Amino acid sequence: MIMSNMEIVAEYQNVSGPVDIVGQAYAMGIEYSEHSMRDNVSIRVDRERAKIHVNARMSKAQRRFSAAYGIATYLLCSDILRNSQEDHRGTLFGDTPQMIGPISEQNQNHAKRMAIQMLVPADRLRKSLSEYGHDVEKL
């Protein structure tokens, strides 16, 4: 049986422990790479093929969020990317986050919200909060 991308997201969210966001990308047929990028660029989403490039110089948490953002961008905007003349790239962190490319600010915001949900599924968070309260060490 071939799973849809959203079924893959759901499957990865139902596993205990941190969501394997890179494994999820590969399960969807999206290539993932990390390498040093100039000008504090966080991510580049390739327009011609399903590939996410993440800046290796960022923290692990920033790389995970960037990967989730890249997956969400593909899920929400792959048609826009394919029809564009440029990749989607930019800085997700810092005082002046800025993205360049074909994806509108509204779609970028949708992708950011989806990335958060992919990394911290609401059902899991609710369950953990009910078990541990707001004790961050236990969460």
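**Figure 1. The lining of the second largest pocket.** His35, Met37, Arg38, Asp39, Val41, Arg44 and Arg89 line the second largest pocket of this predicted model. On a 1 Å grid over the protein atoms alone, a pocket is an open set of points where a 1.4 Å probe fits, with protein on both sides within 12 Å along at least five of seven lines, and lining residues have an atom within 4 Å of a point. The volume of the second largest pocket is about 150 Å³, a volume being the space filled by probe spheres set on the grid points, which are joined across faces, edges and corners. Its lining comprises 4 charged, 2 nonpolar and 1 polar residues; Asp, Glu, Lys and Arg count as charged, Ala, Val, Leu, Ile, Met, Phe, Trp, Tyr, Cys and Pro as nonpolar, and the others, Gly among them, as polar. Residues are numbered from 1 along each chain as its sequence is written. Because the model is predicted, local features need pLDDT of at least 70 and side-chain atom pairs count only at pLDDT 80 or more, while totals for chains, interfaces and linings use all residues, and side-chain values use heavy atoms, with hydrogens and water left out.

**Figure 2. Asp46 in its loop.** Asp46 belongs to the loop between β2 (43-45) and β3 (51-55); strands (E, at least two residues) and helices (H or I, at least four) are DSSP runs numbered from the N terminus. Asp46 is buried but has no salt bridge, and Arg44, the nearest side chain of opposite charge, is 4.1 Å away. Buried means under 20% relative accessible area, exposed over 50%, and partly exposed in between (1.4 Å probe, protein chains only). Lys and Arg count as positive and Asp and Glu as negative, with His and the chain ends not counted. A salt bridge is a side-chain nitrogen of Lys or Arg within 4 Å of a carboxyl oxygen of Asp or Glu. A polar atom of the Asp46 side chain lies 2.8 Å from the backbone nitrogen of Glu48.

**Figure 3. The salt bridge of Glu34 and Arg63.** The side chains of Glu34 and Arg63 form a salt bridge at 3.3 Å, N to O. This pair links distant parts of the chain, 29 residues apart: Glu34 is in strand β1 (residues 31-35) and Arg63 in helix α3 (residues 60-82). Arg63 is buried, with a relative accessible area of 19%, whereas Glu34 is partly exposed at 38%.

**Figure 4. The salt bridge of Arg126 and Asp123.** Arg126 and Asp123 meet through their side chains at 2.7 Å, N to O. Both lie in helix α5 (residues 122-132), 3 residues apart, or about one helical turn.

Terms used
A polar contact is a pair of N or O atoms within 3.5 Å; within protein, one must be able to donate a hydrogen and the other to accept it, and residues adjacent in sequence count only if both atoms are side-chain atoms.
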